[in-house]
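Let's take a friendly walk through a protein model, looking at its pockets, its core and a few individual residues. Keep the structure open beside you as you read.

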Amino acid sequence: MRDYIVPLILLISSLWALQKKENTYDLLLTGADQGLQLLRTLIPTLVILLTAVTMLRSSGALTLLGRLFSPVFAFFGIPSETALLVLVRPISGSAALAVGADLMAQYGVDSQIGRTVAVMLGSTETTFYTISVYFGAVGIHKTRYTVLAALIADLVGFITAALTVKLFFP
């Protein structure tokens, strides 16, 4: 059934446009053009963001930061083993998944660390990626307090994830 979802959506959209006596092909071309214009504005931001993440991971800076901040995370009840995940998650989802997979492979998926990692990945966001994509899409260049508020929300998500796993899986 899932193989037919996209063709079904196109068919329903076409039938609806025909019922309204609109040119379906022109509407599709207009939508595709708008999509390409949006993509043109987003690509530079995404390239810079992905390049920065790759440079940070390759240089070992994220690992060093993870070691430096692990006592701070331990103070908040976040396992020190997840320090690298906490640092990389707001920047890159794929890097966070890689770190999470490494931690789960090292400690096991049913371990305290594995469960904490899983809950952290599910309850936090790739803040910088999301802000750059959505703010870039609508042309907002000054994020004001958005980044700070989003990072605080991520921190609350990390703390809550660690506490929830400790509470439900002692």
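Begin at the second largest pocket, where α4 and α8 (146-168) each supply at least two residues of the lining. Helices here are DSSP runs of H or I with at least four residues, strands are runs of E with at least two, and both are numbered from the N terminus. A pocket is found on a 1 Å grid over the protein atoms alone: it is an open set of points where a 1.4 Å probe fits, with protein on both sides within 12 Å along at least five of seven lines, and lining residues have an atom within 4 Å of a point.

Before going further, note that this is a predicted model, in which local features need pLDDT of at least 70 and side-chain atom pairs count only at pLDDT 80 or more, while totals for chains, interfaces and linings use all residues. Residues are numbered from 1 along each chain as its sequence is written, and side-chain values use heavy atoms, with hydrogens and water left out.

## Two pockets

Which helix gives the most to the lining of the second largest pocket? It is α8, with five residues. The residues that line this pocket are F73, V86, L87, P90, I91, F128, L151, I152, D154, L155 and F158. Its volume is about 220 Å³, where a volume is the space filled by probe spheres set on the points, with grid points joined across faces, edges and corners. By class, ten of the lining residues are nonpolar, none is polar and one is charged. In this sorting, Ala, Val, Leu, Ile, Met, Phe, Trp, Tyr, Cys and Pro count as nonpolar, Asp, Glu, Lys and Arg as charged, and the others, Gly among them, as polar.

The largest pocket has a volume of about 260 Å³. Of its 14 lining residues, T63, S80, E81, L84 and L103 are the closest to the centre. Three helices, α3 (61-75), α4 (83-88) and α5 (93-107), each supply at least two residues of this lining, and α5 has the largest share with five. The classes here are five nonpolar, five polar and four charged residues.

## The nonpolar core

Now look at the largest nonpolar core, which has 22 residues; F73, I78, L85, V86, V88, V117 and M120 are those with the most contacts inside it. The helices α3, α4, α5, α6 (112-123) and α8 each supply at least two residues of this core, and α4 gives the most, with five. A nonpolar core is a set of buried Ala, Val, Leu, Ile, Met, Phe, Trp, Tyr and Cys residues joined through side-chain atoms within 4.5 Å.

Not counting residues up to four places away in sequence, F73 touches I78, A83, V86 and L87, where contact means heavy atoms within 4.5 Å.

## Buried or exposed?

Buried means under 20% relative accessible area, exposed means over 50%, and partly exposed is in between (1.4 Å probe, protein chains only).

| Residue | Relative accessibility | Class |
|---|---|---|
| T82 | 0% | buried |
| F73 | 7% | buried |
| P90 | 7% | buried |
| F69 | 35% | partly exposed |
| F76 | 35% | partly exposed |
| L97 | 52% | exposed |
| F75 | 69% | exposed |

T82 sits in the loop between α3 and α4. Setting aside residues up to four places away in sequence, T82 touches L103, I113, V117 and M120.

P90 lies in the loop between α4 and α5. Beyond its neighbours within four places in sequence, P90 is in contact with E125, T126, T127, F128, Y129, L151, D154 and F158. The C-alpha atoms of P90 and S123 are separated by 12 Å, and these residues are 33 residues apart along the chain.

L97 belongs to helix α5. Its C-alpha atom and that of V119, 22 residues apart along the chain, are separated by 12 Å.

## Aromatic pairs

How many aromatic pairs does the structure hold? There are two. The rings of F69 and F73 have their centres 6.2 Å apart and their planes at 35°, so this pair is tilted. Both residues lie in helix α3, four residues apart, about one turn of the helix. The rings of F75 and F76 have centres 5.4 Å apart and planes at 75°, so this pair is edge-to-face. Rings of Phe, Tyr and Trp (its six-membered ring) pair if their centres lie within 6.5 Å; planes under 30 degrees apart count as stacked, over 60 as edge-to-face and the rest as tilted.
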